[in-house]
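Me: Could you walk me through this fold, one question at a time?

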Amino acid sequence: MKVQKEKVVIIGSGAAGLTAAIYAARANLNPLVIEGIQPGGQLTITTDVENYPGYADVVQGPWMMEQMKLQAIKVGARIISDIVTKVNFNNDIKNIILDSKKIFECETVIITTGAQAKWLGLESENQFNGKGVSACATCDGFFYRNKEVAVIGGGNTAVEEALYLSNICSKVTLVHRRDKLRSEKILQKRLFAKENIEIVWDSVVSQIKGDENGVNALELLSTNSDDKKLIKLDGVFIAIGHVPSTEPFKNSIDMDDEGYIIAKNPGTSFTNVDGVFAAGDCVDKIYRQAVTAAGMGCMAALDAEKWLQNK
């Protein structure tokens, strides 16, 4: 197996990873970015982006991430297409093993592997992803101003999404497979007080319907019978949770019960392992925005640079 020595290795290539690469490269740290299974992160499956500062007009997510990648390369970052399968953080020099069997020995590691939205697994859901189907109300809710939408789920995420959308959309239908919500009571109280939110209990999505213009209806199936119900609407928000992409780091770094990496000191990117930093959605389960991920990527690069100087 070929072993390659590096000063800074960044795992992940979304907004957090590429921002970390830009800052690390400008600090002459010669960073290496391992793109991972989804180069460019979640923005590569996002069509219209209009909440990222710096663009007066709507831009396309894949284009924006391509520009970020080119910027990172221009200032000196190196980017490879591979997947991390295993790590060893037990020693001062960290080992990273790739799917290609290549091994990196590095002084510092910045983990920016992000998180993935949980999906229902329907073929129609995939068909209309970005064309009426979304997993982020704060990202895409604006496009449904004064329109009717549905939110799927019953936990905190679903209720928070429904409340957010109720201030934008004319009507929000919350669809839950059970007869009571799992969210916090205070959130439920706010939800029930909203006049433009309707709750459909004991139901699951059987099909998302639409045409060349996007989603126009939602077919629901009762969990208690064979009854079906069709709801006319303009958009569907899937809010059944997220899964952090942190599997290769289990037992190597502190995580919470959901698999999110825990920051050693709140407000920094330090982890419990000396020389290992984390940023973006693999740490942040609250905001999950490209701009906050980029900010955290900047923090991680600056933390790593300072750590190397002190070392």
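Reply: Happy to! A definition comes before anything else: two strands pair if DSSP finds at least two bridges between them. Helices (H or I, at least four residues) and strands (E, at least two) are DSSP runs, numbered from the N terminus. The model is predicted, so local features need pLDDT of at least 70 and side-chain atom pairs count only at pLDDT 80 or more, while totals for chains, interfaces and linings use all residues. Residues are numbered from 1 along each chain as its sequence is written, and side-chain values use heavy atoms, with hydrogens and water left out.

Me: Which residue in strand 12 stands opposite Glu148?

Reply: Strand 11 covers residues 148-152 and strand 12 covers residues 171-175, and five bridges pair them in the parallel sense. Further along, Val151 has Leu174 of strand 12 as its bridge partner. For Glu148, the residue opposite is Lys171.

Me: In what order do the strands of the parallel sheet run?

Reply: This is an open sheet of five strands with parallel pairing. Its edges are strand 10 (133-134) and strand 13 (197-200), each pairing on one side only. The order is 10-17-11-12-13.

Me: What angle does the direction of helix 5 make with that of strand 11?

Reply: Helix 5 (residues 156-166) packs on the sheet and touches strand 11, strand 12, strand 13 and strand 17 (235-238); contact here means heavy atoms within 4.5 Å. Axes are lines fitted to C-alpha atoms, for helices over the stretch in contact, and angles run from 0 to 180 degrees between N-to-C directions. The angle with strand 11 is about 170 degrees.

Me: Why is strand 12 described as largely enclosed by the rest of the structure?

Reply: Buried means under 20% relative accessible area, exposed over 50%, and partly exposed in between (1.4 Å probe, protein chains only). Strand 12 is largely enclosed because the buried share of its five residues is four.

Me: At roughly what angle do helix 5 and helix 6 cross?

Reply: Two packed helices are described by the angle between their axes and the distance between the axes. The axes of helix 5 and helix 6 (residues 185-193) come within 10 Å. Contacting residues include Val159 and Leu163 of helix 5, and Leu187 and Leu191 of helix 6. The crossing angle is roughly 35 degrees.

Me: In the antiparallel sheet, what is the order of the strands?

Reply: Three strands make up this open sheet, with strand 14 and strand 16 (228-232) at the edges, each pairing on one side only. Strand 15 (residues 214-222) is joined to strand 16 by five bridges, and Ala217 stands opposite Lys232 of strand 16. The order is 14-15-16.

Me: Is Ser203 buried or exposed?

Reply: Ser203 belongs to strand 14 (residues 203-211). Leaving aside residues up to four places away in sequence, Ser203 touches Val175, His176 and Leu220, among others. With a relative accessible area of 10%, Ser203 is buried.

Me: And Lys74: buried or exposed?

Reply: Lys74 lies in helix 2 (residues 61-74). Its C-alpha atom is separated by 24 Å from that of Ile45, 29 residues apart along the chain. At 75% relative accessibility, Lys74 is exposed.
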